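Biologist: I would like to learn how to read a protein model. Could you take me through some features, step by step?

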Amino acid sequence: MEEASTTLNLKWLGIDTQKEFVVYMRSDCPVCVSEGFSALTRLMVTVRGNTIIATLNVIDSDLLGHNEASLSISAWDKLDAQEGDQIHFAHLQPAGSMSKVRAKIYGQTLGLEAYEHIISDIANHKYSTAELAAFVTACAGDRLKLNEIISLSRAMIKAGSQLTWTRDIIADKHCVGGLPGNRTTPIIVAISAAAGLTIPKTSSRAITSPAGTADTMETMAPVDLSINQIRKVVEQEGGCVVWGGAVRLSPADDILIGVERALDIDSEGQMIASVLSKKAAAGSTHVIIDIPVGPTAKVRTSEAAQQLSGYFSSVGSAIGLTVEVIQTEGAQPVGRGIGPALEARDVLAVLQNSQNAPEDLKQRALLLAGSLLEIAGLATHGEGESRAESILISGKAWEKFHAICEAQGGYREPETAPFTHEITAEHPGTVSAIDNRRLAKIAKLAGAPHDATAGLTLHTVLDTRIETGQPLITIHAEARGTLKYALEYVQSQSNILEITS
């Protein structure tokens, strides 16, 4: 009797909830009635001997029969389910680590054991969305002390898989973000691998930006590689650019990123732990961190950048990494494209030494690649940038990048959006300020990063003389609706680009 009362038959509904596991039942089905389940209850769900933890959504319609249940697409795939399978339900005990989260909410300082408990529960999907949001919020701003960031980093490393390599020096690079179009990573990986460095680059998808490195790379090659596939690519080509969330190098991080994206929060302490835990888990030993600084960048002052630099260096040292932090100019976007495919086109233009390649993207990539070559011992101090430039100009970087793409599953050209609209200058003048955040919002309203070809092209830079009717921005969209949203936002704003007479 008990087995029958907790078992329903699966029906396919095809509901996409991204990575959140959701189960659907009627409110009057035998399971809900007998077990007392209600909406948003967290349940143990088993199909074909596979078990996950999912959130219950209750349906009051005939979409499901009395003896039927359904799963979100991500949960369906995780359980390898088929329509008609029996699905079994059981109560889930509350996550024991929530007491630690409540302590953090009330201002207590947590230790390593507490963070290990929290991150383990998160990685095992024991937290509801509300509980995840509580943890993210409790850690936002400057609420994490240095020792807590170190503990959080160690806990995130411990919760996932770890890569090991036979070489003594494994290179990596990361940018803290906040600067649209700053897509230097594929260029740096290509130059570094061509120089002989081992650089297994695991990257994130966008959190609050119109594109992450993984989103951009995915328009040119597959990024959802397994650990064995990553190892094969790196052993063959010396480097890769893949999505870290696919390989559980820091599994709790990808879950937290989804919540941060929804809340539009990018917590400083969690960001440091996220970045460095993934570097350590990927087996990296030497890391360059790029911190763009500007009035509308994520980091707005030199003082804030200096504090962030100190945290990165201290946490890196505590978990066994050599970290060098470089502050770069963040007053305006880098390159011309903002959005996955548009940024990929800028990357390709630099790698292929095209005459119209964005010079700012090229120079920033050479600065960071040169610094990486220097700390890894492949160039003497002050000579790294020139060596990086010679590798780029020779064509070796493009050859290496193309080979990496092929090894990851095949190179492809980025596609273009079917709908565009050009914004022109209403009066002459000089571009005196550019709002990075508003440009990023335009690109997101146009559909980026979910729509890979969406975003915008910026046709001007700071201190440029503009004439009436001259193109300023071209918006790219995959649907007329998203193009309309982006245009409405542009029309409602002033000083996205400040043009003074």
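Modeller: We will go through helix packing, sheets, a salt bridge and backbone details. Keep in mind that this is a predicted model.

Biologist: How are two packed helices described, and at what angle do helix 7 and helix 13 pack?

Modeller: Two packed helices are described by the angle between their axes and the distance between the axes. Here, helix 7 (residues 146-158) and helix 13 (residues 302-318) pack at an angle of about 50°. Their axes are 10 Å apart. That angle makes helix 7 oblique to helix 13. The crossing of this pair is right-handed.

Biologist: Which residues of helix 7 and helix 13 meet?

Modeller: Helix 7 brings Leu146, Ile149, Ile150, Ser153 and Arg154. Helix 13 brings Tyr311, Ser314, Val315 and Ala318. Sorted by class, this contact has six nonpolar, two polar and one charged residues.

Biologist: How do helix 7 and helix 12 cross?

Modeller: The axes of helix 7 and helix 12 (residues 268-281) come within 8 Å. They cross at roughly 40°. Helix 7 and helix 12 are therefore oblique to each other. Their crossing is right-handed. From helix 7, Ile149, Leu152, Ser153, Met156 and Ile157 take part. They meet residues of helix 12, including Gly269, Ile272, Ala273 and Ala280. By class, the contact of helix 7 with helix 12 has seven nonpolar, five polar and no charged residues.

Biologist: Now the strands. In what order do the strands of the closed barrel run?

Modeller: The closed barrel has six strands, in the order 1-5-2-4-3-6. Its pairing is mixed. Ignoring direction, neighbouring strands of this sheet are turned by 45° against each other on average. Take one pair. Strand 2 (residues 22-26) and strand 4 (residues 50-59) are parallel and share five bridges. Val23 stands opposite Leu56 in strand 4.

Biologist: Which strands stand at the edges of the open sheet?

Modeller: The open sheet has four strands in the order 12-15-17-13, with antiparallel pairing. Strand 12 (337-338) and strand 13 (419-424) stand at the edges. Each has a single partner strand, so one side of each is left without a neighbour in the sheet. Further in, strand 15 (residues 455-458) pairs with strand 17 (residues 471-477) over four bridges, in the antiparallel sense. There, Leu456 has Ile475 in strand 17 as its bridge partner.

Biologist: Which strands does helix 18 touch?

Modeller: Helix 18 (residues 436-445) packs on the sheet and touches strand 12, strand 15 and strand 17. Its direction makes about 135° with that of strand 15.

Biologist: How many salt bridges are there?

Modeller: The cut-off is a side-chain nitrogen of Lys or Arg within 4 Å of a carboxyl oxygen of Asp or Glu. By that rule, the count is 16 salt bridges. One of them joins Arg26 and Asp62, with the closest N and O atoms 3.2 Å apart. Arg26 lies in strand 2, and Asp62 in the loop between strand 4 and strand 5 (68-71), so the pair ties together parts that are 36 residues apart in sequence.

Biologist: Last, the backbone. Which residues does the cis peptide bond join?

Modeller: Most residues other than glycine have a negative phi, and most peptide bonds are trans. In this model, a cis peptide bond joins Ala448 and Pro449, with omega about 0°. Pro449 is in the loop between helix 18 and strand 15.

Biologist: What is the phi of Arg48?

Modeller: Phi of Arg48 is near 55°, a positive value in a residue other than glycine. Arg48 is found in the loop between strand 3 (42-47) and strand 4.

Notes
Residues numbered from 1 in each chain as written. Predicted model: local features only at pLDDT ≥ 70, side-chain atom pairs only at ≥ 80, totals over all residues. Heavy atoms only, no water. Axes fitted to C-alpha atoms, helices over the stretch in contact; angles between N-to-C directions. Parallel < 35°, antiparallel > 145°, perpendicular 65-115°, else oblique. Left-handed = near helix turned anticlockwise from the far one by under 90°. Contact = heavy atoms within 4.5 Å. Nonpolar A, V, L, I, M, F, W, Y, C, P; charged D, E, K, R; others polar. Pairing = 2+ DSSP bridges.
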